[in-house]
Amino acid sequence: MVDRWLSERARAAEAGVEGGFDLTECVREPIHLLGGVQSHGALVAVEPASGLVVVAAENTGEILGVEAAELVGAPVTRVLPEEDYAEAVTGTAGTDAVPVTLPVLVDFGGAGRSVDVSAHRRDGLLILEFEPRESDALAFGTFYTGIRRALARLRAAGSVADCCGIAVREMRSLTGFDRVVAYRFDGEDGPGEVVGEDVAPGWEPWLGLWFPATDIPPQARRLYRENWIRVIGDVDDVTVGLRPSRRPDTGEPLDLSLAALRTVSGFHLEYLRNIGVRSSMSVSVMREGKLWGLIACHGALPLRPAPEVRSACEMFGVAFSLQLSAIEERERADALTDSGQRAASVARLLEDGLERRFAERGGEVTELLDADGVLLSRGGRTVGSGDALPAELVRELGRRAAALAPGEVWDTDRLSELPGDELPYTPASPEEGPAGILMVPLSRSGDFLAWARRERPAPRRWAADPWAPVRVGPRGERLTPRGSGEVFRATMRGRSLPWTTRDRTAARELWRLLTELVLRHADAVETLNDELRMTNLDLDGFAHAAAHDLKEPLRGISNAATFAIEGAPAGLDGTTVRRLLTMQRLAGRMDELLNSLLHYARLGRSGLRLRELELSHVLDTALEVAGPRLAEEGVRLVRGELPPVRADADRLYEILVNLLVNAAKYAREGDAGRWVEVSARVAPAEGAAGQPDGAGQVVVVVRDNGIGIAPERQHEVFDLFRRLHGPTERGGGTGVGLAVVKRIVERHGGRLWVESVPGRGSAFCFTLEGSQPSASPADG
């Protein structure tokens with residue numbers, strides 16, 4: 001048992017020479033330009049407009065009665081009746097035309113000869129292929145009945161395995177080949193597995209065996225996608241050349257990609273001989289425009305199915321492809337019913353706050369797809385459960401998600417084998433980290449939900465030693481002989497369990513439910529925001545009107561008290577004078593509060609003029625007002641690094657004045673005297689109390705060495721009219737300053753918070769939305 005299905009030695013063989021045989025010659029061979037046809041038919045290439053023959057097979061004399069040397073340059077009607085030629089031209093015209101087949105009676109040396117003519121267009125030429133009818137014994141009724149019965153049985157298949165089993169049995173019955181297998185590719189460029197087989201007695205069974213990818217090179221797979229049926233009547237057939245060997249107009253070989261008579265690569269003929277096959281036919285099986293696999297037929301003797309049989313087999317291959325698609329659709333529908341219920345139960349667990357609930361219930365999301373880990377990436381934040389994904393992989397998945405439509409499932413069970421243009425990520429080794437990923441994009445901004453699966457080593461039975469793709473065969477060094485009775489067991493590494501239709505359906509359904517959940521929450525938040533905006537407008541209007549309207553009667557009260565004191569008779573008793581003075585003082589206090597309330601209300605009604613500002617210059621302006629108060633209290637100013645910020649200059653000035661005056665009130669004597677520091681830093685991933693403060697933003701800090709604030713009272717300092725001391729203590733005030741600062745910061749889209757320890761001072765920190773640190777020369 002080897003650790004990998006393809007060893008380094010085998011990789012070297014694919015890339016170069018192994019034992020004297022250069023396998024890359026097989027990969028590079030232009031099999032559609034080999035310049036010849038199989039000898040049981042003849043080929044003629046015609047310029048459609050003029051009807052003149054441009055290229056002819058060397059055996060046209062034997063097949064059609066006119067030698068190639070005479071036919072080239074002559075009208076094609078020398079070998080094809082004019083009305084049949086006109087039908088071939090018309091039938092192959094148009095961009096969506098397909099090859100057509102016509103039964104024709106040609107003049108062969110004065111006698112009629114029945115031939116089948118196949119016509120198609122290629123590179124501006126009309127390609128005509130002539131095959132003599134060997135017998136007309138096949139009755140249409142019998143033939144039609146067999147085809148109809150085969151298609152009916154195929155439609156009854158309920159699973160892929162049943163479908164493959166029916167297909168190989170019916171194909172063998174139609175054609176008479178000795179072995180017919182359904183051969184499924186592991187990816188369009190990967191190895192293949194025999195998943196269905198019908199075989200004659202005495203032939204070695206291949207069911208369940210794997211064959212290396214080198215058995216069918218890339219250019220052969222391209223032709224299988226383009227030409228859905230391929231027949232090799234006899235591996236010992238002598239190739240018939242073309243005259244001329246190259247097109248006169250381009251100097252290039254004639255492209256025979258769609259030609260049924262196209263000659264066969266010597267490599268492939270040796271391969272067939274080495275497995276004991278004399279004749280073969282392959283029918284392409286397509287799924288959603290991709291090559292799913294082949295129905296491969298092998299015979300022990302030469303066998304050339306008639307054109308109508310080939311057409312029937314090609315039609316049967318199309319029906320087989322459609323049935324596979326129908327089975328997949330049925331499986332998808334069944335999966336939707338089951339997966340929808342499971343996805344709905346998981347979605348209900350995530351209703352109250354997606355990221356928070358995802359962190360709590362990630363296990364259920366992981367189990368939804370029988371995965372080993374899951375990750376939600378949303379708005380630059382990630383939360384996961386189970387196996388963690390490497391940071392580089394998360395970034396690349398985000399880029400990949402941004403290129404996909406939301407809800408479009410992308411998956412792989414072989415992460416280490418993906419080409420760089422699909423996902424430019426290289427794991428440390430195929431055995432480490434996730435081996436399989438299934439991802440569904442949540443938005444076009446790169447948000448996604450991804451499941452991961454670990455490596456699951458899988459045993460495989462190989463019909464050839466993957467360590468030695470080349471071995472000496474009966475006719476020299478050629479591709480390894482198959483059918484030798486040897487079975488090579490190896491273990492596939494670096495892959496996860498494949499993702500199923502059920503998995504993809506569950507992921508897509510969960511995406512749909514989460515999208516509805518997010519949209520529902522977004523609508524609710526928008527409604528609340530609208531209500532809040534209206535409430536704030538009403539409150540702003542009320543505060544402004546109330547403060548403005550209350551000032552007039554308040555001035556009357558204050559004036560009345562003043563007039564009473566000044567105009568009172570000398571004999572006014574002391575108690576009355578004290579009461580009048582108290583009234584006058586309280587009226588003044590009330591006037592200060594109303595002025596503060598008016599100012600606070602105006603902050604919610606005025607616009608902001610945002611621009612880039614030098615924070616140090618705004619601080620200088622603020623010190624013109626706050627500086628004398630700092631000097632009066634004996635407080636020293638310390639400046640830290642102050643980067644540029646984006647803000648409204650007047651409002652930022654007001655923030656700094658309020659914070660500096662507040663610091664002057666509460667600064668206390670220490671070893672370094674009384675001081676206040678203004679500085680800035682770049683915000684970390686989280687701010688105070690674990691709250692996000694915008695990683696990468698500038699945080700402005702005004703720090704003092706004052707008395708500090710107890711943790712349980714820190715949130716109170718930003719409330720309107722709230723002071724932690726009496727009206728006349730610590731310099732007095734209305735308790736509006738920090739509330740004003742908070743409102744200005746929030747108007748900028750930022751956040752204000754305090755970091756404080758009792759007896760060790762306080763630091764008031766704020767961010768301004770859009771203020772980013774300047775790049776240093778090293779960053780550039």
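Tutor: Start with a rule. A patch joins residues with over 30% relative accessible area and no salt bridge: like charges within 9 Å, nonpolar side chains (Val, Leu, Ile, Met, Phe, Trp, Tyr) within 5 Å. W228, V318 and L322 make a nonpolar surface patch of about 250 Å². Areas come from the Shrake-Rupley method with a 1.4 Å probe, and for residues only the protein chains shown count as cover.

Student: What are we looking at?

Tutor: This is a predicted model, where local features need pLDDT of at least 70, side-chain atom pairs count only at pLDDT 80 or more, and totals for chains, interfaces and linings use all residues. Residues are numbered from 1 along each chain as its sequence is written, and side-chain values use heavy atoms, without hydrogens and water.

Student: Why does L322 count as exposed?

Tutor: Buried means under 20% relative accessible area, exposed over 50%, and partly exposed in between (1.4 Å probe, protein chains only). L322 has 56%, so L322 counts as exposed. L322 sits in helix α10, residues 307–349. Helices (H or I, at least four residues) and strands (E, at least two) are DSSP runs numbered from the N terminus.

Student: Why is Q323 called buried?

Tutor: Q323 has a relative accessibility of 10%, so Q323 counts as buried. Helix α10 holds Q323 too. Leaving aside neighbours within four places in sequence, Q323 is in contact (heavy atoms within 4.5 Å) with L154, R155, A157 and C163.

Student: Which backbone oxygen does the side chain of Q323 reach?

Tutor: That of R155, at 3.4 Å.

Student: Why is P218 called partly exposed?

Tutor: The relative accessible area of P218 is 47%, so P218 is partly exposed. P218 lies in helix α8, residues 218–226.

Student: What makes R122 and E226 a salt bridge?

Tutor: A salt bridge needs a side-chain nitrogen of Lys or Arg within 4 Å of a carboxyl oxygen of Asp or Glu. In R122 and E226, the closest N and O atoms are 2.4 Å apart, so the pair forms a salt bridge. R122 lies in strand β7 and E226 in helix α8, so the pair ties together parts 104 residues apart in sequence. R122 is buried at 17%, whereas E226 is partly exposed at 31%.

Student: How do you know that D116 forms a salt bridge with R133?

Tutor: Their closest N and O atoms are 3.3 Å apart. D116 is in strand β7 (residues 111–122), and R133 is in the loop between β8 (125–132) and α6 (140–155). D116 is buried at 4%; R133 is partly exposed at 29%.

Student: How many salt bridges does the whole structure have?

Tutor: The search finds 35. Another pair is R639 and D620, at 2.2 Å, N to O.

Student: What makes a nonpolar core?

Tutor: A nonpolar core is a set of buried Ala, Val, Leu, Ile, Met, Phe, Trp, Tyr and Cys residues joined through side-chain atoms within 4.5 Å. The largest has 41 residues, and L652, I655, L659, F764 and F766 touch the most other members. Helix α16 gives the most to this core, with nine residues. Beyond four places in sequence, L652 touches residues including L613, V645 and F766. A second, separate core of 29 residues includes C163, M281, V309 and F316.

Student: How many residues, helices and strands does the protein chain have?

Tutor: The protein chain has 780 residues, and 47% are buried. The protein chain has 17 helices and 31 strands.

Definitions and conventions: A polar contact is a pair of N or O atoms within 3.5 Å; within protein, one must be able to donate a hydrogen and the other to accept it, and residues adjacent in sequence count only if both atoms are side-chain atoms.
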